[in-house]
Amino acid sequence: MDRPVLEFKEVHKEYDDAEMKLIALSEVNFNVQKNSLNMITGPAGSGKTTLFHLIILMDLPSTGDIFLNNESVLELSLSKRSVLRREKIGTMLRWGNLMPYLTALENIMLPMINKNEQKAIQIMELLEFSKKKDMLPKDLTHFDKQKTAMARALVNEPSLIVADEPFGDLNNEKTIKLMELFHKIKNETTILILSDDNDTNFDKYLDSSFILENGKLIKINKN
Ligand code: ADP
Ligand code: MG
């Protein structure tokens with residue numbers, strides 16, 4: 001079996017400032033295998049965005065370590081950290097986070113390291129919305145905004161895509177459709193979704209799933 005793309009080892013995260021001390025994550029252990037689709041669900045305040053910031057190398061654990069492609073994040077220099085973030089990690093957020101004055105295609109190409117319009121259009125074709133390439137975000141539905149964010153996350157062929165609340169305000173039907181797209185692209189990358197949605201039944205799409213509760217992670221055993 002391949003080495004995991006992402007590994008959390010005894011990760012503990014505290015926010016510690018003059019006003020208060022808060023334990024956001026405690027003893028979090030998990031790993032994510034290559035070409036798998038994984039999900040962590042937890043209510044607001046359970047620590048999902050804290051996990052997201054750690055994975056995208058915007059923050060460091062208080063204790064414990066995180067391995068990305070077998071590299072300890074604690075040992076990365078600042079410059080290596082930004083290279084890794086840019087080249088190896090794709091991100092998706094709740095609102096799509098698109099530049100309002102750029103078309104869908106321009107948004108997708110924005111972080112592309114080797115600019116290649118044809119390749120960006122091919123990714124749009126894979127996600128079945130290339131007809132919308134010249135539209136501005138304000139004219140796209142929430143679902144197409146998330147497709148744009150997904151395409152943008154894919155452009156540099158990252159080893160991992162991490163999505164913080166990607167289902168945002170999608171209705172149930174579009175949520176499942178977005179999940180089908182995550183499932184479709186998992187062979188090109190590896191995916192971790194963080195979501196507060198525990199109503200929709202995602203079981204059949206997922207290789208592994210976890211629950212986050214008050215900063216503690218529990219693995220759900222699939223049968
Ligand atoms: P979620 O994304 O699941 O809603 P968060 O990771 O945003 O959870 O928050 C987990 C806990 O950490 C919450 O109690 C939140 O108030 C706290 N928290 C998050 N970010 C900070 C911060 N920068 N400073 C202090 N506390 C924070
Ligand atoms: Mg959050």
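Where is the place of Gln-33? In this predicted model, Gln-33 sits in the loop between β2 and β3, and with a relative accessible area of 22% Gln-33 is partly exposed, since buried would require a value under 20%. Along the chain Gln-33 and Phe-182 are 149 residues apart, and their C-alpha atoms are separated by 15 Å.

**The loop between β2 and β3, and strand β3**

Another residue of the loop between β2 and β3 is Asn-35, which has a positive phi of about 55° although Asn-35 is not a glycine. Most residues other than glycine have a negative phi. The relative accessibility of Asn-35 is 29%, and Asn-35 therefore counts as partly exposed. Strand β3 covers residues 37-41, and Ile-40 lies in this strand. With a relative accessible area of 0%, Ile-40 is buried. The C-alpha atom of Ile-40 is separated by 5.5 Å from that of Ile-211, although the two residues are 171 residues apart along the chain.

**The surroundings of ligand 1**

Which residues surround ligand 1? The shell is made up of Tyr-15, Leu-22 and Ala-24, together with Pro-43, Ala-44, Gly-45, Ser-46, Gly-47, Lys-48, Thr-49 and Thr-50. Sorted by class, this shell has 5 nonpolar, 5 polar and 1 charged residues.

Two elements give two or more residues to the shell around ligand 1, namely β2, which spans residues 21-32, and α1, which spans residues 48-55. The largest share of the shell, 3 residues, comes from α1.

**The loop between α4 and α5**

The loop between α4 (117-126) and α5 (142-154) holds Asp-134, and Glu-128 is found in the loop between these two helices as well. Asp-134 has a relative accessibility of 55% and so counts as exposed, while Glu-128, at 60% relative accessibility, also counts as exposed; the cut-off for this class is a value over 50%. The side chain of Asp-134 is joined to that of Lys-133 by a polar contact of 3.2 Å. Between the C-alpha atoms of Asp-134 and Asn-156, which are 22 residues apart along the chain, the separation is 21 Å. The backbone of Glu-128 has a phi near 60°, a positive value in a residue other than glycine.

**Helix α6**

Helix α6 is formed by residues 172-185, and its 14 residues reach 20 Å from the first C-alpha to the last, which is close to the 20 Å expected at 1.5 Å a residue. Which residues of α6 are buried? They are Thr-175, Leu-178, Met-179, Leu-181, Phe-182 and Ile-185. When the helix is viewed down its axis, the buried residues of α6 fall within an arc of 155°, and they therefore line one face of the helix. An α-helix has 3.6 residues a turn, so residues three or four places apart point the same way. Phe-182, one of the buried residues of α6, is also the residue whose C-alpha atom is separated by 15 Å from that of Gln-33.

**Strand β8**

Strand β8 consists of residues 191-195, and Ile-193 has its place there. Is Ile-193 buried or exposed? At 0% relative accessibility, Ile-193 counts as buried. From C-alpha to C-alpha, Ile-193 and Asp-164 are 6.3 Å apart in space, while in sequence they are 29 residues apart.

Definitions and conventions. Residues numbered from 1 in each chain as written. Chains lettered and ligands numbered in written order. Predicted model: local features only at pLDDT ≥ 70, side-chain atom pairs only at ≥ 80, totals over all residues. Heavy atoms only, no water. Near = heavy atom within 4 Å. Helix = DSSP H or I, 4+ residues; strand = E, 2+ residues; numbered from the N terminus. Nonpolar A, V, L, I, M, F, W, Y, C, P; charged D, E, K, R; others polar. Expected span 1.5 Å × (residues − 1). Buried < 20%, exposed > 50% of the residue type's maximum accessible area, 1.4 Å probe, protein only. Arc of directions from axis to C-beta. Polar contact = N/O pair within 3.5 Å; in protein donor to acceptor, adjacent residues only side chain to side chain.
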